[in-house]
Amino acid sequence: MSLRRAFSFGALQTGFSMVLSFFSIKITAVYLGPAGIGTLGQLTYFMSLTQGVLAAGLQVGLVRRTAELTDDPTGRARVVSTILRLLLIVGIPAAVIIALASKWLAGQLLHDERFQSVLLVVAAALVFGLMTAVIVGCAMGAQDYRASTTINMSTGFVSLILVAVLCPQFGVLGGLMALALLPPCTLLVAWMFARNRAWWPKQPLSHGFSAQEGRAAFAYVPMAIINTVGMPLLQLLIRDGVVAHSGMTGVGLLQGVMRISDMYMGIVGSAFVMYFFPRFSELRAANAIAREIKKGLVTIVPAAAAVGLAIYLLRDVIIHLIFTKEFVPMRDLFAWQMVGNTLSLTGQLFSNLLLSKVSALAMAALAAVTMLVWWLISTVLVSANGAVGATQAYAATYALYTAATAIATYFVFRRLRANAPAAGE
């Protein structure tokens, strides 16, 4: 499928999610209030963290192998069976631990032990969410963007229905239960779309276990843990620095400009995830990969840069329409944030290639070093410039990241061209 179609599906998914999020936020604001939304956010973070630590790395490995085994349905089925078994092995004990610690987690996480029942439901539903990740990973690896987009959009719609039904009836408990019940509902939706697709085995657990495939998939787990745990902690540290310099007002300005950039970065990021990583995993010849790199550099990156420039030029209008006069100082943050977004996307293009062709542990090390460099740069710039320094650190970090990944890409191409007679495409 073409990059244009992948971009279209990514835009559709992001736009649909934004509309659903608006209605969901409105419902929870009315029936839960600020404190209830805060409690819901705590559970959302916990579930995302758990899911990310357990499944994100294996899903990346699954996407890569599914793309590589496009013409080998037997091998693809063996990979799916292996990943599912691994997730059951790690998921069931994790669910038991959450269940046993449910009362303590309710008190620490939700600040009310009466919500223990919610954590019990989260524990019971954990494995369902992990299985959904496998189905979505298969769809992405097979480059079935229509299926992956439809599953994600349907999941968002089901989430809205649960919120709309349970929040008015049960308040905060209803909102928490809506979130806890989402994984089994999501699995049902995903299975309905996957069951008749060629990339999904009819009996996904019946194709044995491959130790080699298991080791290959687990190699991505360290990187997933670093990104899932390290990035939120890094953001907290940066925000602490902004608080020390400018107080919570500075954090609010930073959060405001980040929310604006996230709106269009989500569209472009979806296209990158859906198209480039599985495509790079599928290809073998240096010339074919170079064409895909060029396609991203001359289409996606310039388009994102143009949107960023437009947002910068219209920053005063945006602040007036979306925010209040208290946010006027936020205009000083736009330039560096937009530059950082463009550099980040360029680096992501190269890193998607590296992720498909080099050691997963090397990519984990790159992620860790990037976060360390980001923290060191932000320590200096935030202490000097506050919230503006945070955006400057973001841009500086991804300038270095883009340079590093571009250099690494050069060496990958050298290796691919050296092995061309044996590898082919």
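The protein has 14 helices and 0 strands, where helices (H or I, at least four residues) and strands (E, at least two) are DSSP runs numbered from the N terminus. This is a predicted model, with local features taken at pLDDT of at least 70, side-chain atom pairs at pLDDT 80 or more, and totals for chains, interfaces and linings from all residues. Residues are numbered from 1 along each chain as its sequence is written, and side-chain values use heavy atoms, leaving out hydrogens and water.

On to overall shape. Take the contacts (heavy atoms within 4.5 Å) with a separation of 6 or more: 81% of them link residues 24 or more positions apart.

Now the inside. The largest nonpolar core has 123 residues, and Leu43 and Trp200 touch the most other members. Such a core is a set of buried Ala, Val, Leu, Ile, Met, Phe, Trp, Tyr and Cys residues joined through side-chain atoms within 4.5 Å. Helix α8 gives the most to this core, with 20 residues. Leaving aside neighbours within four places in sequence, Leu43 is in contact with Leu109, Leu110, Val118, Val122, Leu176 and Leu179.

Then there are the rings. A search of the whole structure finds 8 aromatic pairs, counted when Phe, Tyr or Trp (six-membered) ring centres lie within 6.5 Å, with planes under 30 degrees apart stacked, over 60 edge-to-face and the rest tilted. Tyr145 and Tyr275 have ring centres 6.4 Å apart and planes at 50°, so this pair is tilted. Tyr145 sits in α5 (residues 145-180) and Tyr275 in α8 (residues 221-282), so the pair ties together parts 130 residues apart in sequence. Both tyrosines, Tyr145 and Tyr275, are buried. Together with Phe276 and Phe280, Tyr145 and Tyr275 form one aromatic cluster.

| Charge | Ring | Distance to ring centre |
|---|---|---|
| Arg195 | Trp191 | 5.3 Å |
| Arg315 | Tyr312 | 4.1 Å |

Technical notes
Buried means under 20% relative accessible area, exposed over 50%, partly exposed in between (1.4 Å probe, protein chains only). A charge sits over a ring if NZ of Lys or CZ of Arg is within 6 Å of the ring centre and within 35 degrees of the ring normal.
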